[in-house]
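Biologist: I have this one open on my screen. Can you walk me through it, strands to begin with?

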Amino acid sequence: MVGLWSSCTLPKKNGEVRVCVDYRALNAVTKIPAIPIPRTKELLQRMAGNQFYHSFDLSNGYHNLQIDAKDQAKTAIVLPDDLGLPARLFQFTRLAFGLSSAPGIFQSVTDRLVTPAKSKTTDNDIGEKVACYLDDICLAGESFEEIMQKIVAFFNRIRAAGFLLKAKKCELFQESVEY
């Protein structure tokens, strides 16, 4: 199915523009992978009772993941005139918001990002005290030394995956965090 979907733009809190696309027709014929999104209560229980917490927000969320070239035409949209772009026809090369399969696919990628290492070293071991909900990741530790080792290992994983963090939304060395 190749479509040309309607779109609009909305301002984000930081002043940037968010393109919103109505993918209802495409979503109606999309096979959605059976990938569960974690329950918040379970994540909070796993993280409770630690001394230090780090919370991270992945920059650009779903857009970190590339769409297979054969599927990019399915995301084609016409952008509004008022954006001042050289062309109005656009198709996503990165996973787009609004696609029904996006949350599960992205969750599976971030889950793999924080999965405990099989061959643990200080450079890759973030341990079991980690919670991941889509692009929000929280690390916990019982001591300063433990949490320092985990943050180094986490940064190594982020770098290896090619992801970036949104610094304004990250909190380090907190006694509690909103998650």
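Modeller: Strand β3, residues 52-57, pairs with strand β7, residues 136-141, in the antiparallel sense over six bridges. Keep in mind that this is a predicted model.

Biologist: Which residue of β7 is the bridge partner of Asp-57?

Modeller: Asp-136 is the bridge partner of Asp-57 in β7.

Biologist: How many bridges join β3 to strand β8?

Modeller: Two bridges join β3 to β8, residues 171-174, and the two strands run antiparallel. Ser-55 has Glu-171 as its bridge partner there.

Biologist: Staying with Ser-55, is that residue buried or exposed?

Modeller: Ser-55 counts as buried because its relative accessibility is 8%, and the cut-off for buried is under 20%.

Biologist: What is Ser-55 in contact with, leaving aside neighbours within four places in sequence?

Modeller: Ser-55 is in contact with Ile-137, Cys-138, Lys-169, Cys-170, Glu-171 and Val-177. Glu-171 is also the bridge partner of Ser-55 in β8.

Biologist: And the rest of β3, how many of its residues are buried?

Modeller: Six of the six are buried, so β3 is largely enclosed by the rest of the structure. Both faces of the strand are covered. Phe-52, His-54 and Phe-56 are on one side, with Tyr-53, Ser-55 and Asp-57 on the other.

Biologist: Now helices. What does α3 reach from its first C-alpha to its last?

Modeller: Helix α3, residues 102-114, has 13 residues and reaches 19 Å, close to the 18 Å expected at 1.5 Å a residue.

Biologist: Which elements do the buried residues of α3 pack against?

Modeller: They pack against β6 (130-133), β7 and α4 (144-161). The buried residues of α3 include Phe-106, Val-109, Leu-113 and Val-114. Gln-107, Ser-108 and Thr-110 are also among them.

Biologist: α4 has Lys-150 in it. Buried or exposed?

Modeller: Lys-150 counts as buried, because its relative accessibility is 4%. Not counting residues up to four places away in sequence, Lys-150 touches Asp-125, Ile-126, Lys-129, Leu-139 and Ala-140.

Biologist: Pockets next. How much space lies in the largest one?

Modeller: About 1200 Å³. The largest pocket is lined by 33 residues, and Lys-12, Arg-18, Phe-97, Lys-166 and Lys-169 lie nearest its centre.

Biologist: What is the lining of the largest pocket by class?

Modeller: There are 15 nonpolar, six polar and twelve charged residues in that lining.

Biologist: Which strand gives the most to the lining of the largest pocket?

Modeller: β2 gives the most, with four residues. β2 (17-21) and β3 each supply at least two residues of that lining.

Biologist: And the second largest pocket, how much space lies there?

Modeller: About 400 Å³. The lining of the second largest pocket has 18 residues, and nearest its centre lie Ile-67, Asp-71, Lys-74, Leu-99 and Ser-101. By class, this lining has eight nonpolar, six polar and four charged residues.

Biologist: Last one, Phe-90. Where does it lie?

Modeller: Phe-90 lies in strand β5, residues 89-90. Phe-90 is partly exposed, with a relative accessible area of 35%.

Biologist: What does Phe-90 touch, not counting residues up to four places away in sequence?

Modeller: Phe-90 touches Thr-75, Ala-76, Ile-77 and Leu-79.

Biologist: And how far apart in space are Phe-90 and Thr-40?

Modeller: They are 36 Å apart, C-alpha to C-alpha, and 50 residues apart in sequence.

Notes:
Residues numbered from 1 in each chain as written. Predicted model: local features only at pLDDT ≥ 70, side-chain atom pairs only at ≥ 80, totals over all residues. Heavy atoms only, no water. Buried < 20%, exposed > 50% of the residue type's maximum accessible area, 1.4 Å probe, protein only. Contact = heavy atoms within 4.5 Å. Pairing = 2+ DSSP bridges. Expected span 1.5 Å × (residues − 1). 1 Å grid on protein atoms, 1.4 Å probe; cavity = no way out; pocket = protein on both sides within 12 Å on 5 of 7 lines; lining within 4 Å. Points joined across faces, edges and corners; volume = space filled by probe spheres on them. Nonpolar A, V, L, I, M, F, W, Y, C, P; charged D, E, K, R; others polar.
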